[in-house]
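Subject: Structure handover

Hi,

Here is the structure for you to take over. Please open it next to this message; my notes follow below.

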Amino acid sequence: MGFLSHALARALSGAGPGAEMRPIVRTTLLLSPVWTVFALTVLVQSIPGELIPRLSLGLIAGVLASAPFQVFGSRIASDVRHLGALSPLLGTLILVSLLYPPSVYLVGWCLALFLRTQLSPEELRLAGLVGASYTLSCMVEASREEDEWRPVAQVVVAWSVFLAASILIGWIVRDTLLAVELASLPTLSVLAVSLALNVRGRAVPPREPSLGYVIGSVIVAVAALLDLLILMISSVAYYLAVFFDKLLIWSEYGFPYPPLDVPSLLGMLPLMAGTFASGCFWASVGDDLSRAYEAGRDEFRKIRRRVRSEFRRGVGLTLLLSGAILIELTLAVGPHAGWMGYISGPLGASLIALAVWGLRTRVGLEVAPPLAGTAALSLPAWGWEVSRVSADLMLLYSLGSVPGALVVYIYSQLAAFRREEEATAALFLVPLLELLVARWWGVDRVAVGYLLGSGASAAVHLLTAVRMWGNLREELYRVLSYSSHLSYVVEVPRYGGEKPWSK
């Protein structure tokens with residue numbers, strides 16, 4: 001979801017006809033992959049129950065296996081725009097084609113071992129195809145040109161094709177696993193063509209491609225991979241913070257186990273508040289941060305005040321939306337909400353009050369799509385047998401997702417300013433505390449570990465971000481100095497044989 005936020009920064013800035021609708025368009029597009037997943041989830045509810053675990057395991061394996069390659073590919077695709085050299089991108093594609101398939105099998109093997117089950121070749125193929133789609137989506141967005149809307153449209157179209165093809169093929173073959181697998185092929189084709197179109201003309205290809213050029217490109221990509229290794233590990237920790245509690249549940253009770261994993265899935269809906277707040281933040285400060293490198297003293301003071309103000313507003317927006325989602329979930333379970341309902345409802349109202357009056361968060365039309373989307377995503381709370389779903393457990397997960405939403409909001413900021421060490425350490429607190437709670441009190445209490453872990457992680461993220469934005473000039477110079485010495489950037493002319501592109 002988050003990879004669309006920065007693409008909208010420039011496209012949605014400025015005034016003009018229909019400007020008041022831009023927050024709605026922005027936040028709706030930010031959720032486009034979520035709508036796809038939700039619609040696919042609704043689709044699989046009508047298929048035989050034995051196929052749902054196979055489909056879900058394949059999707060989870062694909063997300064986990066592709067997580068580091070999403071970061072790797074998107075960073076290099078972004079470098080192509082600045083360097084005007086194709087060698088990093090060529091070397092990255094070669095490396096990913098070599099490293100990604102074994103990674104899918106390794107992740108699938110680890111999942112199967114952890115859950116004491118087996119993944120079929122069909123499930124592994126599905127994991128590989130879906131994970132490749134996520135990776136290419138990130139690369140397409142990162143390869144954007146001056147037309148900021150085009151990559152957004154390309155990603156939305158690709159995933160719309162995925163959804164439509166899944167439904168259509170599913171009706172024909174009556175095998176949802178095969179349908180999703182086949183639907184991934186046109187999606188990958190659309191994304192691959194989009195990436196090729198976006199980089200065409202942005203870099204000068206070599207006049208005489210040779211084996212030496214290919215080898216040099218791989219050397220450049222290996223240097224880039226080593227440079228981004230911690231950030232890639234951080235991306236894995238990011239997904240583990242969401243999935244690890246469910247892996248613990250499935251390892252104990254088998255896959256799936258609705259009495260525990262369904263409350264976990266529904267209870268993590270407040271995390272979407274952080275996604276929307278992150279999108280609003282980058283859409284507001286992206287241009288300011290770009291100008292800050294060359295700004296004079298007076299202009300820099302204004303930029304720093306604006307960035308700090310938008311950061312505080314993002315925190316307030318995260319709290320406001322997560323509080324509203326807490327209230328929505330409490331109302332969704334209705335009379336089935338036990339003693340936790342007396343905590344979640346008032347806490348949600350308190351978060352809204354804190355955001356509006358304490359942090360003076362400006363509320364606009366951008367809050368409408370996430371609240372409407374959450375209401376739609378919480379509909380299964382009525383559709384499933386509520387007797388099998390612990391409403392108190394779901395609300396306990398929701399409480400843990402409030403600080404989790406702050407983690408989602410701040411994580412992209414730490415990653416952008418190369419604070420991945422702090423982010424990685426903080427993210428690993430979530431699965432660590434979940435594991436400790438599961439070992440001491442049992443897997444049934446893993447939600448307590450999620451609450452403690454997300455709270456500790458949010459505290460580290462928040463303290464690091466406050467310090468980072470408080471020393472903005474030093475942080476900018478640190479990142480600029482670091483970037484100027486990146487080995488894969490410095491060595492492009494030497495190994496790639498290309499001349500840097502210039503306007």
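A residue counts as buried when its relative accessible area is under 20%. Keep that cut-off in mind for what follows. One caution: this is a predicted model.

**Overall**

The chain has 22 helices and zero strands. Of its 503 residues, 55% count as buried. Take the contacts in the chain with a separation of 6 or more: residues 24 or more positions apart account for 84% of them.

**Helix α12**

This helix covers residues 271–292. By the cut-off above, 18 of the 22 residues of α12 are buried, so α12 is largely enclosed by the rest of the structure. From first C-alpha to last, α12 reaches 31 Å. That is close to the 32 Å expected at 1.5 Å a residue.

**Helix α11**

Helix α11 spans residues 258–267 and is mostly covered. Seven of its ten residues are buried. Which ones are the buried residues of α11? They are Leu260, Asp261, Val262, Pro263, Ser264, Leu266 and Gly267.

**α5 against α10**

Helix α5 is residues 87–115, and helix α10 is residues 229–253. The two pack at an angle of about 50°, with their axes 8 Å apart. That angle makes α5 oblique to α10. Which residues in α5 meet α10? Leu111, Phe114 and Leu115 do. On the α10 side, the partners are Leu247, Leu248, Trp250 and Ser251. By type, the residues of this contact divide into six nonpolar, one polar and no charged.

**Gly62**

Gly62 is found in helix α4, residues 51–83. Is Gly62 buried or exposed? Its relative accessible area is 0%, so Gly62 is buried. What does Gly62 touch, leaving aside its neighbours within four places in sequence? Gly62 is in contact with Tyr100, Ala127 and Gly131. One distance to check on your side: Gly62 and Val107 are 45 residues apart in sequence. In space, they are 8.4 Å apart, C-alpha to C-alpha.

That is the handover. Write back with any questions.

Best wishes

Definitions and conventions:
Residues are numbered from 1 along each chain as its sequence is written. This is a predicted model: local features need pLDDT of at least 70, side-chain atom pairs count only at pLDDT 80 or more; totals for chains, interfaces and linings use all residues. Side-chain values use heavy atoms; hydrogens and water are left out. Axes are lines fitted to C-alpha atoms, for helices over the stretch in contact, and angles run from 0 to 180 degrees between N-to-C directions. Helices (H or I, at least four residues) and strands (E, at least two) are DSSP runs, numbered from the N terminus. Angles under 35 degrees count as roughly parallel, over 145 as roughly antiparallel, 65 to 115 as roughly perpendicular and the rest as oblique. Contact means heavy atoms within 4.5 Å. Ala, Val, Leu, Ile, Met, Phe, Trp, Tyr, Cys and Pro count as nonpolar, Asp, Glu, Lys and Arg as charged, and the others, Gly among them, as polar. The expected span of a helix is 1.5 Å times one less than its number of residues. Buried means under 20% relative accessible area, exposed over 50%, partly exposed in between (1.4 Å probe, protein chains only).
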